[in-house]
Amino acid sequence: MSDLPNCPACASEFSYDDGLQYVCPECGHEWSKVAEEEGSSESSSVRDANGNELVDGDSVTVIKDLKVKGSSLVVKVGTKVKSIRLVDGDHDIDCKIDGIGPMKLKSEFVKKA
């Protein structure tokens with residue numbers, strides 16, 4: 001069995017290696033090997049608004065007032081959040097904020113403390 005990736009355009013398993021790229025003979029789609037390798041390393045890391053890598057257990061500070069959906073509460077700028085947990089999905093961070101409770105935050109609205 002070949003260890004080459006399937007075509008991202010048509011999911012064909014008959015892709016082949018052509019120097020610096022992969023080619024699909026069925027649909028003619030060509031994609032770069034380098035972009036695929038960079039993409040896999042990028043997807044595993046979560047970065048804050050300043051580009052610092054975040055890991056489980058970090059403390060972060062909120063950089064923008066955030067409205068809490070379904071409530072009149074607001075998470076104010078400068079609120080410090082301790083021991084975050086990184087998750088997959090549209091929100092990157094699970095945490096508990098004092099006075100508000102469990103929350104899901106996007107990493108673009110926090111900076112590493």
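Trainee: How many helices and strands does the chain have?
Mentor: In this predicted model, the chain has 1 helix and 13 strands.

Trainee: And what pattern does the chain follow along the sequence?
Mentor: Reading along, you get β-β-β-α-β-β-β-β-β-β-β-β-β-β.

Trainee: Thanks! Let's talk sheets. What is the strand order in the open sheet with E10?
Mentor: The order is E10-E11-E12, an open sheet of 3 strands with antiparallel pairing.

Trainee: Why is one side of E10 and of E12 left without a neighbour in the sheet?
Mentor: Strand E10 (85-86) and E12 stand at the edges with a single partner strand each, so one side of each has no neighbour there.

Trainee: How many bridges link E10 and E11?
Mentor: E10 and E11, which covers residues 93-97, pair over 2 bridges in the antiparallel sense. As an example of a bridge, Arg 85 has Asp 94 in E11 as its partner.

Trainee: What about the sheet with E6, what's the order there?
Mentor: That one reads E9-E6-E13, an open sheet of 3 strands, with antiparallel pairing. Strand E9 (80-81) and strand E13 (110-112) are the edge strands, and each pairs on one side only.

Trainee: How many bridges join E6 to E13?
Mentor: There are 3 bridges between strand E6 (residues 60-62) and E13, and the two run antiparallel. Thr 61, for instance, has Lys 111 in E13 as its bridge partner.

Trainee: Switching to pockets: what volume does the largest pocket have?
Mentor: The largest pocket comes to about 230 Å³.

Trainee: Which residues line the largest pocket?
Mentor: The lining consists of Leu 66, Lys 67, Val 68, Lys 69, His 91, Met 103, Lys 104, Leu 105, Lys 106 and Phe 109. By class, that lining has 5 nonpolar, 1 polar and 4 charged residues.

Trainee: Which strands supply at least two residues of that lining?
Mentor: Strand E7 (66-67) and strand E12 (101-105) each do. E12 gives the largest share, 3 residues.

Trainee: Last one: of the contacts between residues at least 6 apart in sequence, what share joins residues at least 24 apart?
Mentor: For this chain, 35% of those contacts do.

Methods
Residues numbered from 1 in each chain as written. Predicted model: local features only at pLDDT ≥ 70, side-chain atom pairs only at ≥ 80, totals over all residues. Heavy atoms only, no water. 1 Å grid on protein atoms, 1.4 Å probe; cavity = no way out; pocket = protein on both sides within 12 Å on 5 of 7 lines; lining within 4 Å. Points joined across faces, edges and corners; volume = space filled by probe spheres on them. Helix = DSSP H or I, 4+ residues; strand = E, 2+ residues; numbered from the N terminus. Nonpolar A, V, L, I, M, F, W, Y, C, P; charged D, E, K, R; others polar. Pairing = 2+ DSSP bridges. Contact = heavy atoms within 4.5 Å.
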